Amino acid sequence: MKKEDIKETIEDINTEENTTKEVSEVTEKENTAPQPEEKVLPVVVLKGLPVFPYMILHFDVKRNAALKALESAVLTNQTVFLTTQKNPHNDNPTREEINTFGTIAKVKQVLKLPEKNCRVLVEGIKRGEITEFISHSGFFKCKIREYEEKKEFSQEEKIETDAYIRHIKNLLAEYYSSMGKNPLDATAGIMNIENPNQFCDAVCANVGFEAEDKQELLSTVDIMERLKLLSLYLREETEIIKVEKDIDRQVKINMDRNQKEYFLREQLKVIQDELGDRDGIKGDIDELRQRLLDLNVPEYVMEKADKELSRMYRMQFGSAELPVIQNYVETLCEIPWSVETEENRDILNAEKILEKDHYGLKDVKDRILEFLAVHSMSEGLKSPILCLVGPPGVGKTSIASSIAKALNRKYARISLGGVKDEAEIRGHRKTYIGAMPGRIITALKQAGTKNPLILLDEVDKMSKDFKGDPSSALLEVLDSEQNFSFRDHFVELPFDLSGVLFITTANSLDTIDKPLLDRMEVIHVPGYTDREKLCIAKKHLIPKTLEANGLTKASISFTDTGILEIINSYTKEAGVRELERKLSQVMRKVARKVYATESFSEKITAKNVEEYLGKKKYSHNSKGKQHTVGVVTGLAWTQVGGETLFVEVNITDGTGKLELTGSLGDVMKESARAAVSFIRSNAQKYNVDPDFYKNKDIHIHVPEGATPKDGPSAGITMTTALLSALTGKKVNKDVAMTGEITIRGRVLPIGGLKEKSLGAYRAGIKTIIIPKDNLCDVEDIPEEIRQKITFIPAETADDVISAALI
């Protein structure tokens, strides 16, 4: 057999069963040859208990060093030295961490296991001691001193040995009796051993001594000393078992005492019933049952409550489950199973409330009024799930409370920002410590009615982890085909959510799961224009901050120019939160002056705003001062509104390199390459050198390099700037543009036209070139801006170039 085959097959190397003539002769020579005092053997270091002579056992080998040692033994004379390590937690013991005393053993069988492990069957032969470490080439190979057993005893030694063996047999019988085993059955194989050495080692192997004690017994070579030590350890182990049994007996007595107390308490319950005592636990149960009857809960809720209250009545006093059941039934009492508020379906009144509380938001208001109109005509209409999407501060959250007021519904808000546990929506099982209902049931308890308006705020800020996905839990909540039987894990009963009007808010749709988004009707809430912010400040913010700062209209007033100066120079947002903070800052400074001089009064204008708010923080890009070659005004959409940006192009002699700078994203870089490709294919048409892409270097730069920019809407802007630089024609400074370009020169539609137009208006732009497909979006732009800006629709790049170049 080859060496490699030894690792891959199951080997049976039992020399006693090998009947070939050659092996028999070798075995006979081994038995008759004189034994050397020392021999070199591979060492297998064990983590567990030591192996004794005469023991036949199998164990699994996983460590590489042990596998290599076994391989060496199998390939030589099937003999190995087994010892243990001092620290069983160390996977790579050093020489100092290995016990020197061990057992010389014969490898009887090696069985291959999965993952390169193996199971070994060995037989202990005699004691041995490591005297010298010979090598360590992947495993320890050591010089082992063999210890022969003492076989001849004097008369006195024999008497003393027999006395110890008899004493140990008695202790062994007492040991097994203490463990509850039959001594005759447990010691049948040991009691008949006559050899003192074999008897001692057999007892050591079968009794559950500590590893250190077994190692000391193995290290004791002298048989008399070993018998004395074994007798001592066996006596100690027997006493320990007796003490353990005494402890078990005491625990059982205590359990019997608890059962007696339970029996007496049950008797006490019967006595209380006979005496009509309502102050005990029965009084609490009756109170909870009466509360449920007064609430007129559904029949299935009452059946569940009766079942839990019956368990509560039969439960032992002081049981840990008693407060759990009581808390569960109290939760059932707090849920509005049958309480419902009457909805206000007066459309005119609802419209009046919405207009009073919020300025603008026409699409949202129209959708609510449409729902009211249809709901009044069709009783079976299911409540829609509205999702208000827009930048921060535009009034998404506050409009929900106005809708609730207009509909005469109770209002509850659930903030989902940062929620990442499915149990936050569905609740925890009531068997857990500290379990509670989910946020949906909790919101219903707070509202006190089964048909409130529930606002799920920041639905795009949810995340998920190993505890579950809250977005998946919301699928049932927001699906009108399923939520009529919503089950909270804590309540464990179906609740009808079909009467609840859910409204969600989000800043972006990108992070909302698609199945969840599919269940919602999305309404985009755009940012406010400067004129809308002015109206909101005059109608809502100034009266609110006046009251908050203890001022009156006589103490302070604002001109329109003063408010617009605050909007344009001290805020940069799509909403009005920062504007409210700036107005409050002005009023605090005025309040200080009013406190010092009661007659003080101030009018805030564009000229004195800086006195109260300091230097200007923001400035908007203005149009160019003159017509320029290679510089075009583009339009960009940001979360805080529209802005103008300039695209600059430089053409220099070179080798045809295209350099793009200004923190441009991948989409914007692709637009630049599309522009180059379009001009190359139309070079003759525009009188451009056909080899410009070979002998000219092109550098396209978009200023404000620290601000990341991306999107396809700068395509026609880059095309116009590049063509202007290549032809030397100037670009009209009063013209701005937005639109995506294709390599064939088509102009594709873009988004955010309203915000971009507002940015162009602030910069003094008079003409905007837009994609022809965006003409329908012009109607969304305020009338005052449409009157002052000319919109030129462009279908191809030729339309753009003819309108922009001079």
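Helix α20 passes helix α21 in a right-handed crossing. A crossing is right-handed if the near helix is turned clockwise from the far one by less than a right angle, and left-handed if anticlockwise. Helices (H or I, at least four residues) and strands (E, at least two) are DSSP runs, numbered from the N terminus. The model is predicted; local features need pLDDT of at least 70, side-chain atom pairs count only at pLDDT 80 or more, and totals for chains, interfaces and linings use all residues. Residues are numbered from 1 along each chain as its sequence is written, and side-chain values use heavy atoms, with hydrogens and water left out.

The axes of α20 (residues 530-548) and α21 (residues 560-570) come within 10 Å and cross at roughly 110 degrees. Axes are lines fitted to C-alpha atoms, for helices over the stretch in contact, and angles run from 0 to 180 degrees between N-to-C directions. α20 is therefore roughly perpendicular to α21. Angles of 65 to 115 degrees count as roughly perpendicular, under 35 as roughly parallel, over 145 as roughly antiparallel and the rest as oblique. From α20, Asp530, Lys533, Leu534, Ala537, Lys538 and Ile542 meet Asp560, Ile563, Leu564, Ile567 and Asn568 of α21. Contact means heavy atoms within 4.5 Å. Six of the residues in this contact are nonpolar, one is polar and four are charged. Here Ala, Val, Leu, Ile, Met, Phe, Trp, Tyr, Cys and Pro count as nonpolar, Asp, Glu, Lys and Arg as charged, and the others, Gly among them, as polar.

The α24 side of the contact consists of Met668, Ser671, Ala672, Ala675, Val676, Phe678 and Ile679, and the α26 side of Gly715, Met718, Thr719, Leu722, Leu723 and Leu726. By class, 10 residues are nonpolar, three are polar and none is charged.

Leu722 also has a C-alpha atom 8.3 Å from that of Glu648, 74 residues apart along the chain. Glu648 lies in strand β19 (residues 641-653). Glu648 is partly exposed, at 33% relative accessibility. Buried means under 20% relative accessible area, exposed over 50%, and partly exposed in between (1.4 Å probe, protein chains only). Beyond neighbours within four places in sequence, Glu648 contacts Gly630, Val631, His699, Ile700, His701 and Pro703.

Salt bridges number 48 in the structure. Each is a side-chain nitrogen of Lys or Arg within 4 Å of a carboxyl oxygen of Asp or Glu. Glu148 pairs with Lys126, with the closest N and O atoms 2.8 Å apart. This bridge links distant parts of the chain, 22 residues apart: Glu148 is in the loop between β7 (140-147) and α4 (155-178), and Lys126 in strand β6 (residues 117-136). Glu148 is partly exposed at 49%, whereas Lys126 is buried at 14%.

Glu334 and Lys445 form a salt bridge at 3.1 Å, N to O. Glu334 belongs to helix α12 (residues 322-334) and Lys445 to helix α17 (residues 439-447), 111 residues apart. Glu334 is partly exposed at 40%, and Lys445 is partly exposed at 26%.

Glu355 bridges to Lys365 at 3.4 Å between the closest N and O atoms. Glu355 lies in helix α13 (residues 347-357) and Lys365 in helix α14 (residues 362-377), so the pair ties together parts 10 residues apart in sequence. Glu355 is partly exposed at 40%; Lys365 is buried at 4%. Elsewhere, salt bridges with shared partners join Lys304, Glu308, Arg311, Lys430 and Glu492 into one network.
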